[in-house]
Structure formats: structure tokens, C-alpha cells
Amino acid sequence: MKKHNTFKVVLGTLLVFAILSWIIPAAVFQGTLQDQGRVQVGLFDVFNYSLTSLSYFGHYALYVIFVGGLYGVLNKIPAYRNLLDAMVKKVYGKEKIVLSVIMVLFAIIVSVYGIEIEMLLFVPFLVSFILMMGFDKMVAALAVAGSSLVGITGYTYAFGKLNVLLSALGLDIASDIYVKAMILLVGLVLLIFNTLLYISKNDTTKITEIKADKKKDAKVEEEIVAVKVEDKPEAKKTTKKATTTKKSTSKTATKKTTTKTTAKKTTSKASRKDNKAAAKDDGVIVVKTNLSDDANAYIPASVELKQRVWPMVIVFVLATVIFLMAYFPWNSVFKLDWFEVASKKVAEFELFGFPLFGKLLGNFQAFGGWQCYDLFFPLTFLTLILVLIYKVKLSDALEGFGQGAKKALAPAGIIFVIYTILVLVTYHPFQTTLYEAILGLSKGFNVATTTVVALLAGLFNGDISYAFQSVLPYYASVVTNTDYYSTIGVLYQACYGIVMFVAPTSVILMTTLAYLDIPYTKWLANIWKFVVEFLVIVLIVVAILVLL
């Protein structure tokens with residue numbers, strides 16, 4: 001697998017867009033369309049734009065590094081691996097159902113909250129869980145990135161991401177909400193179907209059965225595996241170790257009073273840490289082993305030490321509750337200002353005339369208005385609680401944070417480059433000239449030209465607000481029949497989400513591919529059919545809306 005493939009793709013995209021600025025004249029719309037001629041990107045400009053990107057959007061890259069660091073600390077706590085092992089054991093036999101549930105929840109949260117970048121907080125955990133269930137990295141990418149992008153396609157109450165569209169077209173957040181929900185549902189069904197189809201066609205797991213006999217040797221003609229076995233509650237805990245070779249040679253199964261997991265190949269001295277989920281039934285141990293991908297880098301190291309997992313569960317639940325409460329658009333959706341009033345009272349509370357909490361907490365946002373950087377303090381606080389509970393040395397915690405942050409540098413770098421591209425196309429708006437030419441092919445609202453323009457806006461702009469701003473004010477001056485505006489809003493939103501499945505400027509997609517080290521071309525080879533299917537269905541829905 002080629003390293004840094006995603007970096008090459010986004011850097012190549014940056015170069016292509018810079019060249020386009022030398023070829024296509026720029027234009028801006030400020031009440032009227034103003035031709036600016038060719039506004040070429042220079043070499044100094046590229047580096048200056050990177051500083052602009054860092055200034056305006058650097059917090060997204062910093063957030064990814066911070067999340068990576070937190071998981072580096074968790075990897076130093078045995079209870080984290082214990083929790084994952086317990087979850088995998090709990091869902092044994094229901095892996096595909098659980099995978100589908102993960103995708104549904106991810107998509108709904110993004111649809112309602114509009115926090116696809118913030119949802120990267122849960123990606124390392126879910127990737128580890130998905131891989132430990134026996135799926136490969138492509139399935140993990142489809143589950144976390146794919147479901148997030150479906151959520152974008154079917155944004156419902158994500159006011160922060162839709163406000164430019166709503167303002168440009170004079171729409172309300174509830175406009176065609178049922179149509180958006182239907183697109184979300186259709187996208188989920190299609191994505192889950194295509195993911196399960198990929199799993200069936202690219203079965204990267206192998207089921208191995210080992211018959212463990214206490215008196216006789218175990219002989220099975222399969223590749224060598226070793227599994228951890230726990231006896232029934234009434235029996236003493238022992239470990240049975242069974243090994244086999246392709247030549248059907250036998251080795252004696254041994255017992256130990258402590259549990260231990262080992263795996264060896266006859267052709268190598270190095271131990272193999274395969275991704276597995278095991279279950280025992282009447283002396284037959286079934287092991288699901290991932291054979292196609294090296295998933296070890298994404299799974300916490302196997303540990304012998306058993307720690308209580310309930311403190312870890314409580315902290316995870318608490319972090320999730322804070323996350324969901326803090327990002328839900330309470331005021332935009334329900335017109336509730338409770339949290340704004342409560343935050344103001346907390347900040348103004350005085351003890352002996354001193355605003356204690358206002359000074360102690362500093363400037364903080366009320367729930368409903370948080371940004372990704374607002375998570376830094378509460379997540380750090382909760383992680384320190386885990387460090388204290390599980391008695392992790394400070395040096396080990398800092399070492400883990402550094403290791404995790406280092407792994408997150410590649411995804412963070414991808415975000416930085418993509419937003420540099422966004423700055424470039426904003427300062428050199430050659431895209432507007434393309435929109436003018438395409439929309440000029442027809443008069444009034446035309447589904448074909450509108451779709452092409454919407455897809456291009458997504459390709460050029462990695463941020464949805466900038467994508468809408470780049471074209472919708474001009475579009476509204478060309479298509480003046482407001483009867484179609486609600487349908488146009490649905491089409492623009494859906495097209496943006498769909499193009500993000502393949503665009504090299506897609507933050508969620510390229511960040512996930514960089515994290516999982518999946519080649520961009522491999523992703524395209526597995527996702528293009530879904531994209532075509534989804535786009536066709538969206539166009540059918542839009543056609544029906546136009547006819548109604």
C-alpha cells in the first residue's frame with residue numbers, strides 16, 4: 001500500500017486549481033456579476049494562503065491532533081482494551097447488525113447537528129471496534145466517513161451549516177424537512193446495502209474451529225491460531241492453547257492458571273496479533289480473524305491485566321452526553337434559550353462580590369453554540385480523571401499523548417491543505433465564470449445545469465458554507481422563480497453531500513483515508529457505484545418535486 005497517497009492527491013488538487021487560475025478568468029458577484037480577468041496564483045501566494053488557512057481553520061487540524069493525543073493516553077490504560085474486548089464478545093454473531101446501527105447513529109447525528117468534523121472524536125474508538133469485529137479498513141471507512149457524508153446529504157436541523165443556503169434562497173430550516181429526511185433514509189439504506197455487499201464479495205475474515213480436548217491432542221487442518229478460553233463459571237479459569245499446521249502436525253494443548261493470548265506462525269518467529277473475536281460453545285472455539293489488512297496499528301495492544309471497565313464506561317457516556325448537549329442547535333430548532341440564560345447566570349454568579357465561575361472558567365459558550373475547540377477543556381479533564389482512577393503515571397500519560405498526536409499528524413495535515421485550497425479558490429474565483437457559462441445554457445430553473453453547478457461547487461469548496469456562498473447569491477439572480485427555491489435547496493444540499501464521497505477536497509473523506517492509510521483510488525473503485533445510485537435517486541426525487 002502506498003504511503004501518503006492522500007497527501008499526493010490533495011497537493012495535486014491544489015496544483016490543478018492554481019493552474020486553472022491562469023486559464024479561466026475570475027468573476028465575483030456583488031449585486032451584479034463583475035469580470036476580473038485572469039487572477040493568477042503565484043508561488044508566494046500559495047505559501048501565504050497556507051498561513052491564512054492556519055489562521056482561520058487551523059483549529060480543525062489542532063482538534064484532530066488533540067483527539068489523537070487523547071486516544072494515545074487511553075491506549076496506556078488496560079481497561080480501554082478490556083472494554084473493547086468485552087464489547088466484541090457481547091456482539092459476537094451480530095457484527096453486521098451492530099455495524100449497521102453504528103452507521104445509522106452516525107448519519108443521524110451529523111444530519112441533525114451538522115458536526116461531521118467534531119464527530120472525528122469517536123472515529124478511533126469505532127475503527128478499533130469495527131476492526132476487532134473482523135471487518136477490514138475499507139468497511140471501517142465506509143462506516144464512519146460514509147455515514148457522515150450521508151448525514152451531510154440529508155442535513156435536517158444543521159442550521160449552522162445551512163444558514164447561507166437558507167438566507168440566499170429565503171427558506172426556513174423546516175423547508176422540505178421530510179424530503180431531506182427521506183434522502184437521509186435512502187442514502188443510509190444504499191450505503192448499508194453496498195457495505196454489506198462489499199463484505200460478502202471481499203470476505204477478509206476466516207473462520208477457524210479448534211476442537212479442544214482435555215485428554216487428547218487437537219488436530220485441525222487450518223492456519224495456526226491460538227485463542228483465549230475462559231471456562232464456565234463453576235469451573236476454574238484455565239487457558240487452552242491449540243496450534244495447528246497445514247501439514248496436520250499436532251501439538252499438545254496446555255493449561256495455565258492465568259489467561260494469555262498468543263499467536264505464532266510456523267514460518268516466522270515474530271508473534272502475530274490478529275484481529276479476532278472468539279466464542280466458546282461445547283468445546284468448539286470459533287475465531288474470526290482478519291487476514292487482509294494490518295489492523296494492529298488501530299487496535300490497542302492486547303493486555304493480560306484485567307481492570308474494571310465501569311469507570312471507563314461512565315466517562316465515555318458522560319463525554320458523549322456533554323458532546324450531544326453542547327452541539328445541538330437548541331435555539332434554532334426549538335427556540336429555547338435555557339442554556340444561554342443558565343450560562344449567563346453561571347458567569348455572573350458572585351461569591352462575596354467576586355464572580356468566581358466567570359473568572360475560573362473564563363469565556364465559554366452556552367450549549368448549542370460550541371465549536372470543536374470548546375471540547376479541549378472538558379475532554380482533557382475527563383481524561384485526567386481516567387488517569388487518576390487507573391493510576392497511570394504522568395510520564396506514561398504524556399508519552400501516550402505524544403504517540404497518539406504523532407499518528408494524527410497526517411490527517412491534520414490533510415485538513416490544513418484542503419483549507420488552503422479553499423482559501424485559494426475564494427481569493428481566485430474562477431469558479432464563478434464556470435457557473436455563469438453552465439447556467440447560461442438554459443433559462444430559468446433547469447435540473448441538469450443546476451445539478452452540474454452544485455456538484456462543481458462541492459468539488460471546489462471543501463466547506464459547505466463556502467460552497468453555497470460561491471454560487472447561490474448569483475444563482476438566485478439568474479433563477480428568479482421562487483416557487484422552485486425549496487426544491488433547489490434540497491438539490492444543492494444533496495449534491496454537495498454526494499460529491500463529498502469522491503472529491504479530493506472532502507475533509508471527512510480524505511482525513512479518514514489518511515488515518516486508515518487507504519489509497520484514494522481504492523476508495524473510488526469501491527464507492528463509485530453507490531455514488532451513481534444515490535445521485536440518480538436524488539434526481540428522481542427532485543423531478544417529482546418539480547412536477548408536484
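Predicted model: local features only at pLDDT ≥ 70, side-chain atom pairs only at ≥ 80, totals over all residues.
Residues are numbered from 1 along each chain as its sequence is written, and side-chain values rest on heavy atoms, with hydrogens and water left out.

The protein chain contains 21 helices and 5 strands, where helices (H or I, at least four residues) and strands (E, at least two) are DSSP runs numbered from the N terminus. Of the 548 residues in the protein chain, 51% are buried; buried means under 20% relative accessible area, exposed over 50%, and partly exposed in between, with a 1.4 Å probe and protein chains only. Among contacts (heavy atoms within 4.5 Å) in the protein chain between residues at least 6 apart in sequence, 77% join residues at least 24 apart.

In soluble globular proteins, nonpolar side chains tend to be buried together. When residues up to four places away in sequence are not counted, Y492 touches L165, T450, V453, A454, F468, V471, L472 and Y475.

Helix 2 (residues 43-74) packs against helix 15 (residues 409-427) at an angle of about 140°, with the axes 7 Å apart; axes are lines fitted to C-alpha atoms, for helices over the stretch in contact, and angles run from 0 to 180 degrees between N-to-C directions. Helix 2 and helix 15 are therefore oblique to each other, given that angles under 35 degrees count as roughly parallel, over 145 as roughly antiparallel, 65 to 115 as roughly perpendicular and the rest as oblique. Residues of helix 2, including Y49, F57 and Y60, meet residues of helix 15, among them F416, Y419 and Y427. By class, this contact of helix 2 with helix 15 comprises 18 nonpolar, 4 polar and no charged residues, with Ala, Val, Leu, Ile, Met, Phe, Trp, Tyr, Cys and Pro counted as nonpolar, Asp, Glu, Lys and Arg as charged, and the others, Gly among them, as polar.

Helix 7 and helix 19 (residues 485-499) pack at an angle of about 155°, with their axes 10 Å apart, which makes helix 7 roughly antiparallel to helix 19. In this pair, L162, L165 and L169 of helix 7 meet Y485, I488, G489, Y492 and Q493 of helix 19, and the contact of helix 7 with helix 19 has 6 nonpolar, 2 polar and no charged residues.

Turning to individual residues, S21 lies in helix 1 (residues 5-23) and counts as buried because its relative accessibility is 1%. Apart from residues up to four places away in sequence, S21 touches R38, V39, Q40, V41, H428 and F430.

Most residues other than glycine have a negative phi. D176, although not a glycine, has a positive phi of about 50°; D176 is found in the loop between helix 7 (159-169) and helix 8 (177-201) and, at 23% relative accessibility, counts as partly exposed. K391, likewise a residue other than glycine, has a positive phi near 55° and is found in the loop between helix 13 (376-389) and helix 14 (394-407), where K391 is exposed, with a relative accessible area of 75%.
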